[in-house]
Amino acid sequence: MLADAPAFLIAIEQSSFALAIRQSVWAYPTANVGHILSLFLFAGAACVMDLVLLGVVRAVNPVAVVRGARRATIAALLLMLATGSILFAAEASHVAMNPVFQIKLALIAAGLLNAALIGPLLRPTLDEVPPPVGFPLRLRAAAAMSLMIWLSVAGCGRLIAYF
């Protein structure tokens, strides 16, 4: 625990939930493995979706691939939020004060904003674009931004332990 951390972070870290996580032989390692596995699922599905939107991967039916990958990214994101919350609670004051974690949170917000802004454009475009035609430039730009953001989030997640 960091003494200079805000009181709400210390309260999270001192909660019975966080104490149970730290005292359990299996809770923290299981959440950590779950977080990494959901990261792999998320990164894989997001990369496939973004590469299809960019036109790098030419799927037989890009619409079906993008829709399936989008559902997988949403499911994986929810798993990452659940497991990440467990990991965070155990060391809330230390993790929240870590500058790399703060960058990770900002990148997650940027990635979610990118997805929220492009979502309304993506749905009708998937219905209108026949398979051999490329996606509009704004979708390709959002896909490129998505790749950069989410790969950076993953990198930051792995770097937190070193700062």
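How many disulfides does a search of the whole structure find? The search finds 0 disulfides, a disulfide being a pair of cysteine sulfur atoms within 2.5 Å. Before you select anything, note that this is a predicted model, in which local features need pLDDT of at least 70 and side-chain atom pairs count only at pLDDT 80 or more, while totals for chains, interfaces and linings use all residues. Residues are numbered from 1 along each chain as its sequence is written, and side-chain values use heavy atoms, with hydrogens and water left out.

Cys 47 is partly exposed at 23% relative accessibility, whereas Cys 156 is buried at 11%; buried means under 20% relative accessible area, exposed over 50%, and partly exposed in between, with a 1.4 Å probe and protein chains only.

Next, select Phe 42, Met 80, Leu 107, Ile 149, Trp 150 and Val 153, which touch the most other members of the largest nonpolar core, a set of 16 residues. Such a core consists of buried Ala, Val, Leu, Ile, Met, Phe, Trp, Tyr and Cys residues joined through side-chain atoms within 4.5 Å. Helices H3 (27-54), H4 (62-90), H6 (99-128) and H7 (137-159) each give two or more residues to this core, and H7 gives the most, with 5; helices are DSSP runs of H or I, at least four residues long, numbered from the N terminus.

Finally, apart from this core, look for another of 15 residues, among them Met 49, Val 52, Val 63 and Leu 121.
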